[in-house]
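Here are a few exercises to work through with the model open beside you. Try each one before reading its solution.

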Amino acid sequence: MSDREAVGTGLSRRSLLQTGAMATAATAALGLGATDALAAASEEEQSWPRPRGRSMIGVPFEPHREVRVGVIGLGNRGLSMVPLFLAVPGTHITALCDTRREMAERATKMVRDAGQPSPALHTGHERAFEALCRREDVDFVYVATPWEWHVPMAVSAMRFGKHVGVECPLAMTLRELWELVDTSELTRRHCIQLENCCYGRNELRVLRMAHDGMFGELLHGAGAYLHDLRDLLFSDTYYADEWRRAWHTKLNADLYPTHGLGPVAGYLDVNRGDRLVRMTAMSTPALGLADHRHKHEEPGDSSWRERYVKGDTTMSLIQTARGRVIRLQHNVSNPYPYSRLNQLAGTRGVFEDYPPRIYLEPDHSGHRWGSFDDYVHYDHWLWTDVGPGPGGHGGMDYIMLYRTIQTMRLGLVPDIDVYDSATWSAPVAMSAESIRRGGTPMPFPDFTRGRWREPRPGLDSRKPQRQAA
């Protein structure tokens with residue numbers, strides 16, 4: 001690749017050097033040297049399903065003068081995203097779907113109040129989404145439903161020729177993740193995990209600093225979803241039919257890994273010069289939800305018939321082909337101030353979030369943390385030039401939608417592809433199996449089928465030089 005081509009793709013000098021450096025990278029994986037570990041990873045790749053279509057790596061969207069969006073799922077998350085979609089230039093909401101007509105009508109009022117025509121409504125039954133996916137006036141389907149519906153809805157959208165963005169996590173099993181990868185490749189439609197945390201201001205700043213070599217050689221990172229959801233999990237109205245609490249009776253796993261893993265995977269160029277090769281997980285006893293029920297729920301409440309199996313805290317370790325380590329944590333069942341951890345460490349220093357602080361040599365010394373504000377000049381162009389817009393989790397929701405729609409209108413390659421999306425959600429199933437086996441390390445699927453070695457652009461995108469028509 002020439003220097004001119006590297007600039008055009010948005011690849012940093014660090015990214016271009018990664019592939020050549022991999023042969024000498026040290027790894028602690030089972031005591032193997034770098035060459036042995038990479039060879040083992042290569043042998044593992046031979047066991048993954050053979051491709052049924054062509055790879056979607058590096059495939060751009062076809063340019064759209066405007067992007068017509070169909071929204072499936074109008075609960076708390078879906079409804080909150082409607083005004084953000086409407087605020088993105090060149091975006092029109094043309095169809096809405098929910099089993100509850102009253103929710104679709106609330107969203108319709110938002111669309112009309114924004115000066116757009118009334119969207120088509122598909123409501124009343126569980127398969128109503130199929131009619132939305134068939135529509136010719138929809139380019140992009142947004143799925144914000146209970147987790148068990150993500151895969152059938154995303155598959156339907158792609159089979160009917162739509163690109164699709166899915167809320168977290170993408171899917172709950174490895175079989176489903178492979179189905180999404182295969183369907184994306186066969187239909188030539190993109191399937192994107194809409195991971196808003198990847199577009200946070202701190203996350204994008206750390207990403208650019210990491211790619212500029214500020215942390216030296218990267219060694220380890222951490223991510224989490226630590227969010228006390230007890231009141232919401234037991235609410236009669238917040239989650240329709242209390243669907244999210246039901247998962248705590250079904251699966252002992254890290255149920256929500258992508259908020260923590262997505263940003264760290266970006267820092268480490270996972271699927272772009274490195275890949276995740278093995279994962280081990282453990283969990284604590286499941287006590288928090290039962291304790292909350294005892295203190296707050298009436299004896300006749302239906303929740304008393306439930307038995308919770310999901311451990312209050314799950315902790316997982318993931319090792320990469322280059323020997324780096326990622327720690328994931330999940331807890332929504334105990335008192336805990338909100339945190340995603342968001343940590344990155346290398347040979348020159350470390351960043352930790354909540355609150356943000358940094359220690360880099362030679363800038364800092366004496367074991368005293370420095371101010372992350374001193375590195376504001378590393379802010380991503382999406383934050384300096386676009387900004388948080390009407391908000392959504394501090395602006396990351398709007399920026400995520402803005403960038404997704406921008407790549408569609410300009411005919412660019414998406415920042416997050418189906419391989420990233422599947423990788424970030426795989427810890428749901430992998431943690432469940434590792435916990436079931438007493439913490440046994442589990443081999444991590446390579447959804448790229450060997451193309452993870454190729455350095456390529458990702459979340460650290462360059463500002464487009466042209467505007468949408």
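**Exercise 1. The chain as a whole**

How many helices and strands are there in the chain? Then find how much of the chain counts as buried.

*Solution.* A word on the source: this is a predicted model, in which local features need pLDDT of at least 70, side-chain atom pairs count only at pLDDT 80 or more, and totals for chains, interfaces and linings use all residues. Residues are numbered from 1 along each chain as its sequence is written, and side-chain values use heavy atoms, leaving out hydrogens and water.

Step 1: the chain has 17 helices and 14 strands. These are DSSP runs numbered from the N terminus (helices: H or I, at least four residues; strands: E, at least two).

Step 2: of the 469 residues, 59% count as buried. Buried means under 20% relative accessible area, exposed over 50%, and partly exposed in between (1.4 Å probe, protein chains only).

**Exercise 2. Aromatic pairs**

Classify the pair W147 and W247, and then the pair Y225 and Y338.

*Solution.* Step 1: rings of Phe, Tyr and Trp (its six-membered ring) pair if their centres lie within 6.5 Å; planes under 30 degrees apart count as stacked, over 60 as edge-to-face and the rest as tilted. The whole structure holds 14 such pairs.

Step 1: W147 and W247 have ring centres 5.9 Å apart and planes at 45 degrees, so this pair is tilted. W147 sits in the loop between β4 (140–143) and α7 (150–159), and W247 in the loop between α11 (243–246) and α12 (258–267), so the pair ties together parts 100 residues apart in sequence. Both W147 and W247 are buried.

Step 2: Y225 and Y338 are edge-to-face, at 6.2 Å centre to centre with 85 degrees between the planes. Y225 is buried, with a relative accessible area of 6%, whereas Y338 is partly exposed at 34%.

Step 3: K250 lies over the face of W247, 4.5 Å from the ring centre. A charge sits over a ring if NZ of Lys or CZ of Arg is within 6 Å of the ring centre and within 35 degrees of the ring normal.

**Exercise 3. An enclosed helix**

How many residues of α16 (residues 418–425) are buried, and what covers them?

*Solution.* Step 1: eight of the eight are buried, so α16 is largely enclosed by the rest of the structure. Among them are Y419, D420 and W424.

Step 1: the cover includes α8 (174–187), β6 (191–193), α12, β8 and α17.

Technical notes: Contact means heavy atoms within 4.5 Å.
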